[in-house]
Amino acid sequence: MVWTRRDMMLGGLALIGAEAAGKPAFAAASSYFAGQAVDNGVTYRATNFAAIDKKWHRQVVKYFSSEPIGTVVVDTRHHFLYLIMENKTAIRYGVGVGRGGFKWYGRATIDQKSLWPRWTPPADMRKRHPELPKFVERGSPKNPLGPRAMYLLRDGVDTGYRFHGTLEPGSIGRDASSGCIRMFNEDAIDLYQRCPIGTAVQVLPHIADQAPQVSDATPVE
Amino acid sequence: MSAPTGYARLLFSMAALLTLTACTTTDIASVEEPAAVPMTGQTNDPAPGFESVLPGSKEDFILNVGRRTYFNEDSASLDSVARATLDKQAAWLVSNPRWLVKLQGFSDDSGSASSMVKLSQKRADAAMAYLASKGVASSRMWAKGYGNDREVRDCTDRSCKVQNRRVVTNLRTERDAP
């Protein structure tokens with residue numbers, strides 16, 4: 001993929017990217033990896049899916065909501081990302097989403113994609129985590145964005161949010177990020193292949209089919 | 001841009017999304033497959049055939065490889081992402097020689113209906129030639145362009161069009177009836 005000037009500009013913007021490693025929340029991290037994999041010349045640690053709840057594995061499920069084929073829908077509450085396919089089915093991926101105060105909802109399109117992206121932690125994030133580097137160069141297996149990033153724009157304006165991989169497979173299925181949607185690295189690679197530039201994205205509190213019962217819905221003030 | 005935090009803003013975006021999702025999906029792409037039985041059950045149930053996925057099955061191909069290759073507007077050339085998809089397909093097809101392969105091309109581009117049929121045929125031919133160059137026997141494959149007949153619709157113009165500029169690698173057990 002050609003690295004255009006526009007990519008550089010996007011890459012240089014304050015990315016509200018993955019909160020980097022360096023906190024003990026997912027301390028048993030080593031068991032989440034099994035061996036190594038090579039992707040586009042970069043060697044990285046492969047996810048040990050045997051140690052991951054099957055719920056978070058990529059799978060093809062029934063999907064009865066009405067989004068058009070090819071749309072990506074994120075159910076934030078249930079930590080699932082769906083890529084809508086034909087015949088009321090979808091590929092479902094487990095994801096990590098924004099923790100309290102970092103959640104966001106809305107529509108966007110995937111307008112830019114990057115292989116082994118570079119990463120510039122936003123200033124706010126570096127304030128919270130001074131141990132973070134100022135900059136991670138492209139092609140680094142230590143990049144918290146992992147092997148792929150898909151940049152979410154709305155009407156041509158960068159939302160600051162991305163779909164990307166992770167250094168912390170244990171954070172999939174949790175509210176862990178600063179707003180980005182993180183995936184297993186293998187899944188980020190997979191989704192990247194399946195989403196052409198222009199793909200529609202909807203980030204929802206939850207999909208319609210998974211709406212809470214009326215009794216536990218938040219009352220409208 | 002910071003994450004929306006206000007409750008009012010949240011409600012507003014939820015309302016906007018409800019409006020967006022109110023339209024229905026026309027499963028035009030389902031024409032690519034034999035007619036599916038009407039789906040019952042619930043969202044998140046395993047899709048039919050995907051309860052347990054066997055290596056070498058059609059389901060394995062859909063879940064772990066992916067059938068679709070995408071193209072840029074008015075182009076039948078394979079970019080790096082398209083080649084990566086086809087590389088993965090070729091490796092799988094070489095290790096699973098029992099499958100025949102129908103490459104179905106589609107288009108949603110500029111020009112007349114007949115030029116779109118031509119373009120979709122060129123796309124399907126390009127995907128087939130690439131798979132052949134990666135070791136998939138040509139005798140197992142055939143290609144057909146459908147123009148813009150089988151469109152994904154009901155999304156915004158741009159998001160629909162990118163879905164329609166595709167080749168679907170369809171696994172078959174026998175050739176099309178003449």
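Let's walk along chain B from its N terminus: the elements come in the order α-α-β-α-β-α-β-α-β. That makes five helices and four strands, where helices (H or I, at least four residues) and strands (E, at least two) are DSSP runs numbered from the N terminus. Please keep in mind that this is a predicted model, in which local features need pLDDT of at least 70, side-chain atom pairs count only at pLDDT 80 or more, and totals for chains, interfaces and linings use all residues. Residues are numbered from 1 along each chain as its sequence is written, while chains are lettered from A and ligands numbered from 1 in the order in which they are written.

How confident is the predictor? On pLDDT, its confidence in each residue from 0 to 100, chain B has a mean of 84, and 78% of its residues reach 70 or more. Over residues 14-31 of chain B, however, the pLDDT is below 50. For the complex, the predictor gives an ipTM of 0.82 and a pTM of 0.82.

Now to the interior. Of the 178 residues of chain B, 31% count as buried, meaning that 20 or more other C-beta atoms, placed from the backbone, lie within 10 Å of the residue's own. The largest nonpolar core has 75 residues; such a core is a set of buried Ala, Val, Leu, Ile, Met, Phe, Trp, Tyr and Cys residues joined through C-beta atoms within 7 Å. Among the residues with the most contacts inside this core are A:Leu81 and B:Ala127. Helix α4 (residues 113-133) of chain B gives the most to the core, with eight residues.

Key
Buried ≥ 20, exposed ≤ 12 C-beta atoms within 10 Å, placed from the backbone. pLDDT = per-residue confidence, 0-100. Contact = placed C-beta atoms within 7 Å.
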